[in-house]
Amino acid sequence: MVVNSGTDNFRWSSKSGGEITLPPNGFLVESPAFVAFHALAWNSILYSAAAAPLFTLRSMDGKALENSANVRVYHGFGDARLKFRDATRKIKREESLA
């Protein structure tokens, strides 16, 4: 888990999201089967400061996210774009991805 408690943006190298940028109060929670983030940059998508999203991704079959046949995505707020497995999607609120 990484939390940006500073007043400036913070860059971090994430296993699942690549080079990410966390805004002040942004965070990343990362494990093989679960990821949650509030970020300005994730998996090559740049978000505006006013629309930095909150997403969670959870493997529903217990496998690592990159190998899971069923990933549940939750979009809490901000920009709805999410890049997962080389495809960019707009997630309205909750969605299962294969």
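This is a predicted model: local features need pLDDT of at least 70, side-chain atom pairs count only at pLDDT 80 or more; totals for chains, interfaces and linings use all residues.
Entry 1, terms and ground rules. I number residues from 1 along each chain as its sequence is written, and side-chain values use heavy atoms, with hydrogens and water left out.

I looked up N4 and, leaving aside its neighbours within four places in sequence, found it in contact with N9, F10, L22, P23, P24, N25 and G26. N4 sits in the loop between β1 (2-3) and β2, where strands are DSSP runs of E with at least two residues, numbered from the N terminus. N4 counts as buried at 6% relative accessibility; buried means under 20% relative accessible area, exposed over 50%, and partly exposed in between, with a 1.4 Å probe and protein chains only. For polar contacts I looked for pairs of N or O atoms within 3.5 Å, where within protein one must be able to donate a hydrogen and the other to accept it, and residues adjacent in sequence count only if both atoms are side-chain atoms. The side chain of N4 reaches the backbone nitrogen of G6 at 2.9 Å, and a polar atom of that side chain lies 3.1 Å from the backbone oxygen of P23.

I then turned to S14, which has its place in strand β2 (residues 10-14) and is buried, with a relative accessible area of 6%. Its side chain makes a polar contact with the side chain of E30 at 2.7 Å, and a polar atom of the S14 side chain lies 3.0 Å from the backbone nitrogen of G17. Once neighbours within four places in sequence are left aside, S14 is in contact with I20, L28, E30 and W42.

I found 3 aromatic pairs in the structure. Rings of Phe, Tyr and Trp (its six-membered ring) pair if their centres lie within 6.5 Å, and planes under 30 degrees apart count as stacked, over 60 as edge-to-face and the rest as tilted. F37 and W42 form a stacked pair, at 4.1 Å centre to centre and with 10° between the planes, whereas F37 and F55 form a tilted pair, at 5.7 Å and 40°. F37 lies in strand β5 (residues 34-38) and F55 in strand β8 (residues 54-59), so this pair ties together parts that are 18 residues apart in sequence. Ring pairs link F37, W42 and F55 into a cluster; F37 is buried at a relative accessible area of 0%, and W42 is buried at 3%.

Terms used:
Helices (H or I, at least four residues) and strands (E, at least two) are DSSP runs, numbered from the N terminus. Contact means heavy atoms within 4.5 Å.
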